[in-house]
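Hi,

Here is the structure I promised to pass on. Please open it first, and then read my notes below alongside it.

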Amino acid sequence: MLKASAILQGPGVTIVPPFDAMLEELLDECRVNLPKVDEDMVRRAFRLAYWAHRNDRRVSGEPYVTHPIAVARIVAQHIRLDDISVGAALLHDVVEDTAFSLEFIREEFGSTMGMLIDGLTKIGGVFSSRELGQAENVRKLMLSMAQDIRVILVKFADRLHNMQTIESLPRAKQLKAATETQMLYAPLAHRFGLQAIKNELEDLSLRILDRASYDEIVRGLKASRQERESYIRQFIGPLNARLVESGFEFHIYGRSKNVYSIFRKMKTQNKPLKEIYDVFAIRVVLKSAGRLGKEECWRVYSIITDLYKPLPERFRDFISVPKSNGYRSLHTTVLGPLGRRIEVQIRTQEMHEVAERGVAAHWKYKEGIGGSDARMDQLLQWVRDLMENPDPEQATEFVQEFNLNLYTEEIYVFTPKGDLRTLPSGATPIDFAFQIHTDIGYQCIGAKVNGKMVPLSHVLKSGDQVEIITSKKKTPNPDWIKFVVTHKARSRIRHWINVKRREAVSKGRGLWEKKARRAKLEVTESELLRYASKLRYTNVGQMFYEIASGLLDVSDLVNLVRTGSTKNEEEPETPDRPIRDFRESARESGQQALLINGERLAGVAVAYASCCNPIPGDAVFGYASRAGTINIHRTGCRNASNLLVNHPDRIHACDWSRQKDVQFIVGLRVRGEDRVGIVNDLTTVISRNLKTNIQSITVDTEDGIFEGTIVLFVSDLAHLQRLIRRLKNVKGVHGVYRFEE
């Protein structure tokens, strides 16, 4: 191997085209976007990455070094941190994948670079284990983020490029990576305010997990582009003229929302794309800054509401009260031409920078040391909250609930002294108490909202003033877990419950050991597990807990050990409920409508999950159950993320094969105007025209509107789509939607 000096300084390493050009392009981007650039350091990092990965290839066949170069360019172009972050992006895989050590990185590039590379390597291990929620790995992630924010920001760039180039991976790995991105990286990017990166991560994930829906939305947006652009010009024209007349320096434009946000609206509102009207927003960005900029935002708001009628309930002032990720802007929804609702966002250029790049826009570089301002400290407070809790079990729960609060709307409430606190929508006084301090939450016995006593389950609203009443003799109520919404409140309550449970288990074990000594019984731990199983407990701890709680008499356990029998033995075992198999005709004929890992496997039991009811044409994957059955799920089903991330070793790639006479169950919801004969028209289209068998149909009507649920059998996705198109043509039908359960 060449000496380190030859690699880093250049005499022994010649960077050949096109990589020499890539280095110069990266340096150009650094000069334009970063406050200052140590070009020598960036060149040395580039040379080391080039040499260390010289023999490595990506799955696509490209030289591996193209990946760290692309990550560095994302950091320089879009995140715009500093030159050390660019160097860390170039070197982020060197320690993990090559012979160069972390000590070497520290010696050649300094302790800060070494710390960043160490943190990036640890984050890479969060998903490498079998269980997503493995406590130690999650703690590594939290510690790395708390130590230096640049670690997670460079990781965003790494994940973004991996998602941009995901097509070369096997299908099972694509599904796992897309699910991880949707579960963890996109919500984190949202939390840190990196809107552009968050949007792209969401869209790339959706493209993998539900390609049909992604393509449908993209086609729909493309088809309506001219009409949309024409409407934007019609809306902007009068506004632009008024702003110019008033002497503002500004930029105004319309932007489409990202594909995933439109997809979520379609799902939550249960509407097709053509019925989702707020697919774009108008944005006014002012060049003024500081106090003048804030004042001008309000003046622009006044001009807009003079031109177009505002909807007061849709107004949001995120300038006076910014979001927790630092986002500031005025939002209003107005009635534009033709009576259409249009969202308008008003902000300064500085606010716009923060809106697009979030915490990265707050970054300050002080005397060669990465630092953070007050806003960054606020953004990382939730990380510190997690690190306060020493119970490792909570790390697993954190991952499982990770995006519980990250996408929700925020509310703003006040302490009795007038201090402002931000909470997620749906928060209760208990959530508020735990945000103030863990001890306040533990000792809470009541709450006053706006001077009046309210239940602890009361849902708070923006503007409420909340006073918590405490008692040192009070302990948490386990039932609080049913209505609190913040992770901090949930984790602290669960921690307390777990501590009390461990105390009860210890007490129960003590009662058993005392009784066993008196009865002169000697029982090993494995034998105790067998007796616990006979008493229908999943583990010994549960048995001891119920002994301590008085739910199991310790004498019953003693008698079981002595006699080897119990009345519970005679009760029939209840087998685990099997996954519902909807492949009606295939079950009888033995036909298999799937290729699993590219083959039609003989003798393998295949079941179709009732949580999502997949049919031929859907994007699916197989999950091998402990019983040996391959359970087929749609990639977008509600259980998919847990299976794909937590059990990657049991995931199988599946493709539909051409198969005749196999019927699959599917559910449709139909709604529209109620009229005589509507049910007959629907069943005629289904049964007579399309020769489709109906399992059940129910129709409810109210105020001249009907909504029906139809469960029927189809052969594949194309059959279903033909059916939906024909049903939409029935007079009075407004919408036809597939549902999963």
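A residue is called buried here if its relative accessible area is under 20%, exposed if over 50%, and partly exposed in between (1.4 Å probe, protein chains only). By that rule, 50% of the 741 residues of the protein count as buried. Please keep in mind that this is a predicted model, in which local features need pLDDT of at least 70 and side-chain atom pairs count only at pLDDT 80 or more, while totals for chains, interfaces and linings use all residues. Residues are numbered from 1 along each chain as its sequence is written, and side-chain values use heavy atoms, with hydrogens and water left out.

The overall picture

The protein has 30 helices and 22 strands; these are DSSP runs numbered from the N terminus, with helices being H or I of at least four residues and strands E of at least two. A contact means heavy atoms within 4.5 Å. Among contacts with a separation of 6 or more, 68% join residues 24 or more positions apart.

The cores

A nonpolar core is a set of buried Ala, Val, Leu, Ile, Met, Phe, Trp, Tyr and Cys residues joined through side-chain atoms within 4.5 Å. The largest one has 80 residues, and those with the most contacts inside it are L26, V86, L91, F109, L153, F156 and L194. Helix 3 (residues 39-52) gives the most to this core, with nine residues. Another core, of 38 residues, lies apart from it, and L206, Y231, I232 and I319 are among its members. Leaving out residues up to four places away in sequence, V86 touches L26, C30, L34, V42, A72, V75 and A76.

Helix 3

The 14 residues of helix 3 reach 20 Å from first C-alpha to last, close to the 20 Å expected at 1.5 Å a residue (the expected span is 1.5 Å times one less than the number of residues). Eleven of the 14 are buried, so helix 3 is largely enclosed by the rest of the structure. Its buried residues include R44 and R47 as well as F46, Y50 and W51.

Helices 10 and 12

Where do helix 10 and helix 12 meet? F156, R159, L160, M163 and Q164 in helix 10 meet I197, E200, L201, L204 and S205 in helix 12. The axes of helix 10 (residues 150-164) and helix 12 (residues 195-209) come within 10 Å and cross at roughly 35°; axes are lines fitted to C-alpha atoms, for helices over the stretch in contact, with angles from 0 to 180 degrees between N-to-C directions.

Helix 12 is largely enclosed by the rest of the structure, because eleven of its 15 residues are buried. Among the elements covering those buried residues are helix 4 (66-79), helix 11 (171-191) and helix 13 (211-223).

Cysteines and a loop

How many disulfides does the structure hold? There are zero, a disulfide being a pair of cysteine sulfur atoms within 2.5 Å. For C612, the closest cysteine sulfur is in C637, 3.9 Å away, which is too far for a bond. C612 is buried, with a relative accessible area of 0%.

Finally, Q663 sits in the loop between strand 18 (651-656) and strand 19 (664-673). Q663 is partly exposed, at a relative accessible area of 24%. Although Q663 and V714 are 51 residues apart in sequence, their C-alpha atoms are 5.4 Å apart in space.

Best wishes
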